[in-house]
Amino acid sequence: MGRVTERRRVVRIRNGGAGVRPDTLVAEEPLEIRLNGKPLAITMRTPGDDFALAVGFLVSEGVLGAASDVQAVTYCEGATEDGSNTYNVVNVQLAAGVPVPDITLERNVYTTSSCGLCGKASLDAVRTATRFPGIAADPVRVPAEVLCAMPDRLRAAQKVFDRTGGLHAAGLFTARGELLDLREDVGRHNAVDKIVGRAYQAGRLPLTGAVLLVSGRASFELVQKAVMAGIPVLAAVSAPSSLAVDLALDAGMTLVGFLRGPDMNIYAGEERITL
């Protein structure tokens, strides 16, 4: 199986002097996700939590809802011409009776580390209806001081980032500020899928009362993934996009951006943040 990090030779220049040394880089490898044996998507990801990533992706695509929807998740053997296993192909086998979506070019997706929607064949395919529409009624309240402390807690738990400086992070918190889960990945959308997938595997969807914190910006795609998992509060240390704000407002989600130190901007659902 691919490693989370790899070592590479680098010429390092500091204060006008040059030297050769090894450097630790975050690993990036393709992961092909198959559904009932048929190719569905390829994503560029950091190896690790591949099964969670696969099922989290399928939750965000509206394919999975209940934990009982999946019969098995396995690596595919013989993924290369010589029959060796690269651990870069995962098959999700649906349980008997679970509807199988039409796997056509309309659905097939290729995702890069920076864009999780690349390859969508139409605008209609971008927005997906959630299995958990109760976000607007979620009564959770988060004290502003608790929310402001979350980025430091997230950063302190990023062990791979400390070694590479090249990973995004997603953290799942309670409204009291307890860190429930943290995933790192070269793609921010993959980190969120891993969070959602692990919750799915534990039978914890929808994530009622939870706060999702992401280390970068809040894109439309990340808001949609949070909506699909039933998460009522999404916070980001950087800016949201206009479409992300529109979706948060439509879904009744609380969306916070520029969460840095004691400061933040609340773009939607301000009633959930208490001062």
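**Notebook: buried charges, cores and a kink**

I looked up aspartate 193 to begin with and found it buried, with a relative accessible area of 2% (buried means under 20% relative accessible area, exposed over 50%, partly exposed in between, with a 1.4 Å probe and protein chains only). I note that this is a predicted model, in which local features need pLDDT of at least 70 and side-chain atom pairs count only at pLDDT 80 or more, while totals for chains, interfaces and linings use all residues. Residues are numbered from 1 along each chain as its sequence is written, and side-chain values use heavy atoms, with hydrogens and water left out.

**Salt bridges**

I then asked which residue pairs with aspartate 193 in a salt bridge. The partner is lysine 225, with the closest N and O atoms 2.9 Å apart (a salt bridge is a side-chain nitrogen of Lys or Arg within 4 Å of a carboxyl oxygen of Asp or Glu). Aspartate 193 belongs to helix 4 (residues 188-201) and lysine 225 to helix 5 (residues 220-228), so the pair ties together parts that are 32 residues apart in sequence. I took helices (H or I, at least four residues) and strands (E, at least two) as DSSP runs, numbered from the N terminus. Lysine 225 is also buried, at 6%.

I counted 12 salt bridges in the structure. Another of them joins glutamate 29 and arginine 45 (4.0 Å, N to O), and this pair links strand 3 (residues 29-35) with strand 4 (residues 38-45), the two residues being 16 residues apart. Glutamate 29 counts as buried at 15% relative accessibility, and arginine 45 counts as buried at 0%.

I also found arginine 183 bridged to aspartate 49, with 2.7 Å between the closest N and O atoms. Arginine 183 counts as buried at 17%, whereas aspartate 49 counts as partly exposed at 29%. Both belong to a network of salt bridges that links Asp49, Asp181, Arg183 and Arg198.

**Nonpolar cores**

I looked next at the largest nonpolar core, which has 53 residues (a set of buried Ala, Val, Leu, Ile, Met, Phe, Trp, Tyr and Cys residues joined through side-chain atoms within 4.5 Å). Leu64, Leu205, Leu212, Val223 and Leu255 touch the most other members. Apart from this core lies another, of 20 residues, including Val142 and Val146.

**Helix 2**

Where does helix 2 (residues 144-156) kink? I found a kink of about 25 degrees at methionine 150, shortly before proline 151 (the bend is the angle between axes fitted to the seven residues ending there and the seven starting there). Met150 and Pro151 are among the buried residues of this helix.
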